[in-house]
Amino acid sequence: MPTSLQQFKVPLSQRNNIPEVIEKLTGQRVFNVHIERLALDCRSKGNPHFVCNATYNTDGGASVDCATLLKKYAKNDEMPNEVSIVGAGPAGLWAAYGLLLKGHKVNLYEQGKPVEERFRDIRRFLKSGIFLEHSNIFFGEGGAGAFSDGKLNTRSRTEFSQAVLGDLIKIGASEEIAYLAKPHIGTDRLQFLIKNMRKLILELGGKIYFESCLQDISVAGNRLNSICINKKWQPCEALVLANGHSARNIYEMLAAHGVLLEGKSFAIGVRIEHPQSFINESRFGSGVDCKLTGAADYTLTGKTAYSFCMCPGGVIVPCASEPNGVATNGMSYSRRNSPFANSALVVPHNIEKNDIKSGIALQRQLETAAFEMSGKKFLAPKQSAESFLTKKGNLWDLMPNNVSCALETALHEFEKKMPGFVKNGTLIAPETRTSSPIRIVRKENGESVSVSGIYPVGEGAGYAGGILTSAADGVQLSVKL
């Protein structure tokens, strides 16, 4: 039986020598050390350290992956053998991989381009403002998460999320992601992992069609019978919808065919950018070697707003999924070595279940107004946090008054928690794509409650948020099918 050691301190300099730390603590020689969790603790300023959970003297340290997990689950013989999947983001990629492992035939359709071509289009967009409808920061192989930092945060680890982490390690990610409290890959490395995931799918016999857009479905007797891809109809009895949270045309099309949707609360607000040196000193104190800790991050929660998707050593990028609107997003590369940090500061926006229109309408309103304010260019409006608190300037004109007032209250609160937060901060707006404002309602088996043969997964379905949980949702569906 493995021996477990919980919540023990690891000096910054010993991060890569944890077995030695355990031996010193226990006075014993240890073997097969398996690090379950490693988190940075900076509550004591000037003395940050890691807190670790680990087991040792066991062979149980090997990573679990989808191939291992799915051996426990039999194929559902009532399912059609051939499955179509729309969307090659995390949910679609891992649903495809899992279904192939279980013996299904899989056709994966992605409206955007392969990740390497997509990255070239995005670089051109950021440099020259040339917008492509199906190849941008939201659409293309890898999904929105491929160009938004590569964080693998989740509130809880399940066998499905652990399997995804195991797969990521197998295709080239660092083994650290299996145990770090806040695992991160980085946008620059994600493109290579996505290409490796594509290779796994193809090796298992999966077929991937890029620049292939789902335009319509045909439903007879509350059952799916065909789909229209690039104006061509083809039979389809099982469709996995992994469309992501920004494919607004999909929601409109589904509603027209009687697929049950419901409104879902989300959040809107701004991005705030600070010098990373300010965040480091605020969190760690002075004199700490950040090469050992990595760039500092933060999580702030106030009465009216909270931080979200914090990107240490990152950059803020303008993004769009439609030609006349602009929003913001934060990302960072694997080294997190930008001189700036950024985070969303967002305000909850509640939506009733029977309201499937107002969420997207509000997103569009803010994104269109920002586009107009920027001279019809993909440049998100900005303003210093100090100036914002004078209740003057462009962001008060852009944001709904209740949102601006909530951000005003939160900035005063966060200034007390991190002195200098306001003085050193710049606000960039709007942050609108925190999550989907719509949920595609599904049954316990993953199928739409209203139209048989449709299986919604991931962020676009309204059941996940982020790379890891979306991919895990795809794995969980493959277990059921």
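Leu93, Trp94, Ala96, Tyr97 and Leu100 of helix α3 meet Ile194, Met197, Leu200 and Ile201 of helix α6. Sorted by class, this contact has 9 nonpolar residues, with no polar and no charged ones. The model here is a predicted one. In it, α3 covers residues 90-101 and α6 covers residues 187-203, and their axes sit 10 Å apart at an angle of about 30°. Angles under 35 degrees count as roughly parallel, and α3 and α6 are therefore roughly parallel to each other. Their crossing is left-handed.

A second pair of helices makes a handy contrast. Helix α7 (residues 248-256) packs against helix α10 (residues 358-373) at an angle of about 150°, and the two axes are 12 Å apart. That makes α7 roughly antiparallel to α10. The way α7 passes α10 is again a left-handed crossing. On the α7 side, Arg248, Tyr251 and Glu252 take part, and they meet Ile360, Gln363, Arg364 and Glu367 of α10. The residues in this contact split into 2 nonpolar, 1 polar and 4 charged.

Next comes the sheet. Strands of a sheet pair through backbone hydrogen bonds, either parallel or antiparallel. In this model, an open sheet of 5 strands runs in the order β13-β16-β12-β18-β17, and the pairing is antiparallel. At the edges stand β13 (306-311) and β17 (382-384); each has a single partner strand, so one side of each is left without a neighbour in the sheet. From one strand to the next, the twist averages 30°. Within the sheet, β12 (residues 266-275) and β16 (residues 340-349) are antiparallel partners over 10 bridges. As for who faces whom, His274 stands opposite Ala341 in β16.

Helix α13 (residues 401-417) lies across β12, β13, β16 and β18 (426-431), and it runs at about 130° to β16. Strands β12 and β16 turn up again around helix α8: together with β2 (34-41) and α9 (290-293), they are included in what covers the buried residues of α8. Those buried residues of α8 (residues 276-284) are Gln276, Phe278, Ile279, Asn280, Ser282 and Phe284. Just after α8 comes Gly285, with a positive phi of about 90°.

Glu211 has a phi near 50°, a positive value in a residue other than glycine. This Glu211 belongs to the loop between β6 (207-210) and β7 (214-220), and with a relative accessible area of 49%, Glu211 is partly exposed. Lys231 is another residue other than glycine with a positive phi, this time near 70°. The loop that holds Lys231 lies between β8 (223-229) and β9 (232-235). With a relative accessible area of 70%, Lys231 is exposed.

The bond from Ala429 to Pro430 is cis, with omega near 0°. Pro430 is found in strand β18, one of the strands that α13 lies across.

How values were computed: Residues numbered from 1 in each chain as written. Predicted model: local features only at pLDDT ≥ 70, side-chain atom pairs only at ≥ 80, totals over all residues. Heavy atoms only, no water. Pairing = 2+ DSSP bridges. Helix = DSSP H or I, 4+ residues; strand = E, 2+ residues; numbered from the N terminus. Axes fitted to C-alpha atoms, helices over the stretch in contact; angles between N-to-C directions. Contact = heavy atoms within 4.5 Å. Buried < 20%, exposed > 50% of the residue type's maximum accessible area, 1.4 Å probe, protein only. Parallel < 35°, antiparallel > 145°, perpendicular 65-115°, else oblique. Left-handed = near helix turned anticlockwise from the far one by under 90°. Nonpolar A, V, L, I, M, F, W, Y, C, P; charged D, E, K, R; others polar.
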